[in-house]
Amino acid sequence: MVKADRLKRLRDRSITKLGDEAALDHIGALIDASLDAGFAPGADRAINLLNELEKRQPSAKLCARLDYFRANAWYSKEVAVGARGSWAWEHPEREQQILALSRAVAHPGFADLDVGRRCQILTNRANQLNVMGRFIDAIEGWDAALRTVPKFAMALANRGYGLKRYGGLLDDDRERAILLLHAHDGLVAATGADAVHDSPHPYALIQRFAEDAKALASAGDLNRIRELLDLGMPRLGRSKAERKYRRWCLDERLFLNSLNDLGPHARAASDDLVLPPITERLDERPGLVTPPPVIGFFNQMKQEYVSARFMLYEGLQDTKQHFSDRGVRMFNTLDYPMHSLATERVRAAYRIAYSLLDKVAFLVDHYWKLGKVTDRINFKNVWMVEGKSRLHDRFMDYSNWPLRGLFWLSKELFDDQLKLTTGPDARELHEIRNALEHKFLQVHEGWAWSLGRPLPSGEGLSFLIDSDLLERKALRVMKMARSALIQLILAIGVEERARRREQPDTVIANMPLFGLDDRRKRRDPL
C-alpha cells in the first residue's frame, strides 16, 4: 500500500517548474499510487495536471502519450469509485478511457511512439471496447496490436478472453468450439517463453493465463476440434470471379459469420448468421400460424446487407467504362468530378448499409417492446426516452452485453466527442449519409483531390469528398452494419435464454423452419 503522506505529496506537487518529460513522469507516479490506494482525488488531480501539461502544446509524440496517461488516470478513478464490473450503459469513466485511447491512436504522434507503447494503447482500447460490448471491434484492435508485435502477451491473452465470451453467446456448437479453441491457443501463447510482456514481473499473470487455458482445455476435446478444422476445407466458389469476391469478403471480414472475426479462413466464407429460436405467446398473433414476423424482417435485412456488400465490391473493383454510362450527356465542372456506374455502386452500398442501422433500431424497438413512435425510430434515439436525450430506463443497468455494444456503436456515430477521436474513415458518416439521401454529395477523383484540395466539406450547396475517402468510409459503414446485425442476433439470443430461465415451467410448442432454396433466389421469369 502507498503511504498516505507520500500520496499527499504526490497529489499536491506542482508541475510548473518541471520540464515536459519530468512532469509526465510525476503524473505517471501519481496515477500508479492512486490506483494502488484506490484514491479518487489523486486520479482527479492527475487528470487536471495532464490538462495543464497539454496547454504547453508539447510535441506530437508527447501528446499521444498524454492521452495514454489520461486513460490510465480514468481507469484509476474507475477502480477507486467502485465502478468496475458495473452494468451501467452510461459509464463516464469507461467513456473517458475510450475517448483518450482513441485520440491517442488517431493522433499523428502515435506513429512516433515505440512499438511497446503502441501495443499497450491498442490493447487497452480494445479491452475497453470489449467490456462495453463492442467485441467485434475489440478483436480488430487486438489483432492490430499483434500485427505490431505478434507475441504481445496482453493482446494475446485479452483476445483469448474476448473470444471465450464471444463464443459463449453462439448457438452453433461448431462455431462455439472453434472460438473456444482460438481462445485457448491465445492464452497458451501468452504464457510462452517468447511472449512479450509489458511488465517486468509478469509471473502472476502467466500463472493465471495458464490456469485459464487449462480450464478451457477441460471444457472440450481441443485436439478433436483441431482435427476437424483440417478436414474438408470448403471451396470459395464455382468460378474465378466468385472466388475473388469471396476472398475479398474474407480479407475485409464482411461475412455474416462469427468465424470471419478470427481472420480470412475459408470456413467463414458463408453468411450463416440466423436468428435464435424465438418464442411468442399464442395471443400475440391470434389465428395466424406463420413464423414470427421478425424472421422475414431479418431475412430482408440480411439480403440487403449481402447485396450492398456486392455492390461495394463491384464499385471498388471496376476500372472499365460501363456501357450504361455511354451517351449520357454531362458537363465538365473542371474539378475532376466522378460520375459513373462504379461510383454509384459505392454510393448505393453506403446508403443501404447505413439504412440497416436504422432497421436494427426498429427491430430493437419491436422485440424489446419499447413502444416508440414508429416513424421516428432511428439508431440514435431508440435507446432514449421518447423525445428526450436521456437513456431509457429499460437500459440503465440492463445485463445484455451485445445489446449494450449496439448502444455504444451508435455513440460512435452520434456522440460529438467520440466522433472527433475516430480515424478519418469513421468521421462524418452521418453527415455523408444525409448528403447522399437529401442533398448533393459531390465526389471528385482521388488522385487529383490529393494534390491540394481541402478535406471533405459540407458547406454550401454540396458536400465535397474525394473518391478514395468515400470508398474507405463506405467500407467502414459496411463493417458497422455487419457488427450491428451480428450483435442484434446475439442480443436476442441472450434475451431468449433469460426468458426461458425466468419461466422454466412454461410449455413451449415448436414450429420448424425450413431453409429457402437457392434456386428461388432469382427474379420470377413469369
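This note goes through selected local features of a predicted model.

1. **Helix α15.** This helix covers residues 401–414, 14 residues in total. From first C-alpha to last, α15 reaches 20 Å, close to the 20 Å expected at 1.5 Å a residue. Cover is heavy in the count: 14 of its 14 residues are buried. The N-terminal end is capped by N400. A side-chain oxygen of N400 lies 3.2 Å from the backbone nitrogen of L403.

2. **The strand pair.** Strand β1 (residues 441–444) and strand β2 (residues 463–466) run parallel, with 4 bridges. One of the pairings sets Q442 against L464 in β2. Which residues of β1 point with Q442? H444 does, while L441 and V443 point the other way. Both sides are buried.

3. Most residues other than glycine have a negative phi. R253 has phi near 55°, and K369 has phi near 50°. R253 sits in the loop between α12 (240–252) and α13 (293–317). K369 is in the loop between α14 (341–367) and α15. R253 counts as buried, because its relative accessibility of 14% is under the 20% cut-off. K369 counts as exposed, because its 54% is over the 50% cut-off.

4. **Salt bridge E140–K479.** The model has 45 salt bridges. In one of them, the side chains of E140 and K479 meet at 3.4 Å, N to O. E140 belongs to helix α7 (residues 135–148) and K479 to helix α19, so the pair ties together parts 339 residues apart in sequence. E140 is partly exposed at 28% relative accessible area. K479 is buried at 16%.

5. **Salt bridge D271–R309.** Here the N to O distance is 2.8 Å. D271 lies in the loop between α12 and α13, and R309 in helix α13, so this bridge ties together parts 38 residues apart in sequence. R309 is buried, with a relative accessible area of 2%.

6. **Salt bridge K372–E386.** The closest N and O atoms of this pair are 3.7 Å apart. Both residues lie in the loop between α14 and α15, so the pair ties together parts 14 residues apart in sequence. K372 is buried at 10% relative accessible area. E386 is partly exposed at 36%.

7. **A charged network.** Salt bridges that share partners link E54, D67, R70 and R103 into one network.

8. **Surface patch.** V289, M511 and L513 make a nonpolar patch on the surface. Together they present about 320 Å² of accessible area. M511 falls in the segment after α19 (467–502). Is M511 exposed or partly exposed? At a relative accessible area of 44%, M511 is partly exposed, because that class covers values between 20% and 50%.

9. A23 is in helix α2 (residues 20–37) and counts as buried at 0% relative accessibility. A23 and L53 are 30 residues apart in sequence, yet their C-alpha atoms are 7.6 Å apart in space. H184 is in helix α9 (residues 173–190) and is buried, with a relative accessible area of 13%. The side chain of H184 makes a polar contact of 3.1 Å with that of D185.

Technical notes
Residues numbered from 1 in each chain as written. Predicted model: local features only at pLDDT ≥ 70, side-chain atom pairs only at ≥ 80, totals over all residues. Heavy atoms only, no water. Patch = residues over 30% accessible without salt bridge, like charges linked within 9 Å, V, L, I, M, F, W, Y side chains within 5 Å. Areas by Shrake-Rupley, 256 points an atom, 1.4 Å probe, with all protein chains shown as cover. Salt bridge = Lys/Arg side-chain N within 4 Å of Asp/Glu carboxyl O. Helix = DSSP H or I, 4+ residues; strand = E, 2+ residues; numbered from the N terminus. Buried < 20%, exposed > 50% of the residue type's maximum accessible area, 1.4 Å probe, protein only. Expected span 1.5 Å × (residues − 1). Polar contact = N/O pair within 3.5 Å; in protein donor to acceptor, adjacent residues only side chain to side chain. Pairing = 2+ DSSP bridges.
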